[in-house]
Amino acid sequence: MGTIHLDDELLADGLADVRWLLHDALMAGARRLVVDLSGVEHLSSSAVASFLSAHRTCRARGGAVVLRGANRRTEDLLHRTGLWRVIEVEPATAGAVA
């Protein structure tokens with residue numbers, strides 16, 4: 001399992017860096033990717049499309065993409081688009097190790 005930590009600064013530079021992070025994790029053979037969104041205020045629909053593409057690859061390997069720590073705005077976006085049924089969403093504290 002790989003965890004990718006995103007923040008607004010990384011997303012402000014465009015999606016190329018995010019796509020490379022996802023690509024690198026998938027090329028390393030990840031079946032399950034956790035995308036930590038706890039540092040993200042606004043998530044574009046293009047970023048969500050990148051997660052969906054990565055999810056297809058993970059699902060083909062028997063895994064999934066999990067969005068962790070999504071704020072209310074992002075959760076609303078996922079519900080409006082129906083993607084909450086496809087991409088797993090976890091609260092920020094899920095899976096945290098003390």
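What percentage of the 98 residues in the chain is buried? Buried residues make up 42% of them, where buried means under 20% relative accessible area with a 1.4 Å probe, counting protein chains only.

This is a predicted model, so to speak: local features need pLDDT of at least 70, side-chain atom pairs count only at pLDDT 80 or more, and totals for chains, interfaces and linings use all residues. Residues are numbered from 1 along each chain as its sequence is written, and side-chain values use heavy atoms, with hydrogens and water left out.

**View 1. The chain from end to end.** Starting at the N terminus, the order is β-α-α-β-α-β-α-β. The C-alpha atoms fill a box of roughly 35 × 30 × 25 Å along the principal axes.

**View 2. Contacts across the chain.** Take the contacts (heavy atoms within 4.5 Å) with a separation of 6 or more: 67% of them are accounted for by residues 24 or more positions apart.

**View 3. The two faces of S1.** Strand S1 covers residues 2–7. Gly2, Ile4 and Leu6 make up its covered face, while Thr3, His5 and Asp7 sit on the uncovered one. In a regular strand, side chains alternate between the two faces of the sheet.

**View 4. S1 beside S2.** S1 and strand S2 (residues 32–39) run parallel, joined by five bridges; strands pair if DSSP finds at least two bridges between them. Opposite Ile4 you'll find Val35 in S2.

Terms used. Helices (H or I, at least four residues) and strands (E, at least two) are DSSP runs, numbered from the N terminus. Buried means under 20% relative accessible area, exposed over 50%, partly exposed in between (1.4 Å probe, protein chains only).
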